[in-house]
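Dear colleague,

Please find the structure below, handed over for your use. My notes on what was found in it follow directly after.

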Amino acid sequence: IMGIFIGIGVMMAFCLTLFFLPAIMMMVKQVYKPCTILKCNLGLKDYPEQRKDWLADLLNKISYFSISYYKQICICFLIVVVVSFTGISKMSYETSFINYLTDDNKIKSDINFIEKNLCGSVPVVMLIQAKNVENDFTHRESLKVVEDLQQKIMKAMPGSFTASFSVVDYIKEVNRAFNAGGVKYFSIPENDIDIKDYYEIGSTEILDRLISPDRMEIKISFNSYMRSNETLIDMRKLIKILTNGEFKDKYSYKLTGISVLWSLMDKNLKYSQYKSFFSAFLIISLIMFFICKKKKLTILSIIPNVFSIIATFGIMGWFNINLDITTVMIASVTMGIAVDDTIHYVVWYRRNILSGFSVESAIVKTGLNVGKPILITSLLLCMGFLVLCLASLIPVKLFGILTCLSIFFAFIGDLIIFPALLMCFKPHIT
């Protein structure tokens, strides 16, 4: 939905810029002085009047820096990419709602109060199904298997699960009630007939929530705290170990509950990240090839855009910033924004090369042609995204900060790394 409405907004801005803005300018009869085309051949020394523009002077120095130290810049670029990929390998995904809230948020404080006093508010449900009638849950041996598994899980994860309940606990409670409430009778009955009788006289309202009518499937409910997916991941590993051997031959199981939904959201985030990034990458690559007209220049032009994403994700990995429902969009959003400046740079670079300038002269002249718009739009975009720091949700704050950081890296990529790559590979322009 966000992508659809951003696309609509961009198209509206495009139409307003081409049609509405010129009409307004004609209505107010705004008068502009003719633009002076800067004649440049590798520097500003022949045009002392241009030196009064400190921004143009700065851009000129940046271009000279890229030309003079292009080998060192390319080496540093490779080092940063390697370090960033190391950080990316450390990244994890966050889907727990409570971790989206700041510590001073009232909702978070209320949830913490509930969890502290109710010993966990998030259910983790394990469904166990017998593979044949001989092992259904009217037999003592089957209930004993469930009891042992339930106790082992609780014992192995004391800090994660605070309580558990299954039909075994219900049968044990009924058995104690029929034996004068003796503590020693809080156990599974010794014969299968008693178990079947307890099912017959038991409350259907309760039993229907704990066991299927055919007695082939039961449910174990665990109470857990509202945490990240690590609890469920640890539980999966533990259950896999505990259910090997005889259990695997007689029973099957699956996990469900809200924690499992969060785990599925974790997978969906990964899928969304890959899908959005590669979709944006493919579309932008096709557009850049249409503009560059050469494979070599197309590849070089994509590098600054990918660099901004790699560097940002690398920082996220090194500083333990997880991907969540908003930060997962950084890749596609940043590429869509950053490629705009790259297109301007490539168009003017090709124009300057085809006008007869050398690679060095074309880089300096292109920096002066598009450096100001790139710098100004980058600053404006950074300020716009930094407004998100005022949000109450942590993912939204991080999205604003990290997108701002990505735009900064894109600026570095367009005006420093890209010219260095042009100097290093000198792609042919036609």
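Isoleucine 363 is in contact (heavy atoms within 4.5 Å) with Ser63, Ile67, Tyr345, Tyr349, Pro419, Leu422 and Met423, leaving aside its neighbours within four places in sequence. Please note that this is a predicted model, in which local features need pLDDT of at least 70 and side-chain atom pairs count only at pLDDT 80 or more, while totals for chains, interfaces and linings use all residues. Residues are numbered from 1 along each chain as its sequence is written, and side-chain values use heavy atoms, with hydrogens and water left out.

Ile363 belongs to the largest nonpolar core, which has 65 residues. A nonpolar core here is a set of buried Ala, Val, Leu, Ile, Met, Phe, Trp, Tyr and Cys residues joined through side-chain atoms within 4.5 Å; buried means under 20% relative accessible area, exposed over 50%, and partly exposed in between, with a 1.4 Å probe and protein chains only. The members that touch the most others are Phe313, Met316, Tyr345, Tyr349, Ile363 and Leu422. Two or more residues come from each of helix 2 (54–68), helix 3 (70–88), helix 11 (258–292), helix 12 (295–318), helix 13 (330–354), helix 14 (359–386) and helix 15 (394–425). Helices (H or I, at least four residues) and strands (E, at least two) are DSSP runs, numbered from the N terminus. Helix 15 contributes the most to this core, with 14 residues. A second, separate core has 35 residues, including Ile153, Ile188, Leu207 and Leu255.

Rings of Phe, Tyr and Trp (its six-membered ring) pair if their centres lie within 6.5 Å; planes under 30 degrees apart count as stacked, over 60 as edge-to-face and the rest as tilted. The whole structure holds ten such pairs. Elsewhere, Phe77, Phe307, Phe408 and Phe409 form one aromatic cluster.

Arginine 215 lies in the loop between helix 8 (204–210) and strand 3 (217–224). Its charge sits over the face of tyrosine 199, 4.7 Å from the ring centre; the criterion is NZ of Lys or CZ of Arg within 6 Å of the ring centre and within 35 degrees of the ring normal. Arginine 215 counts as buried because its relative accessible area is 17%. Its phi is near 65°, a positive value in a residue other than glycine. Most residues other than glycine have a negative phi.

Strand 3 has a covered face, made up of Ile218, Ile220, Phe222 and Ser224, and an uncovered one with Glu217, Lys219, Ser221 and Asn223. Strands pair if DSSP finds at least two bridges between them. Strand 1 (residues 122–130) runs antiparallel to strand 3 over eight bridges, and methionine 126 has isoleucine 220 as its bridge partner. Strand 2 (residues 161–165) is also antiparallel to strand 3, joined by four bridges; there, alanine 163 is partnered by asparagine 223.

With kind regards
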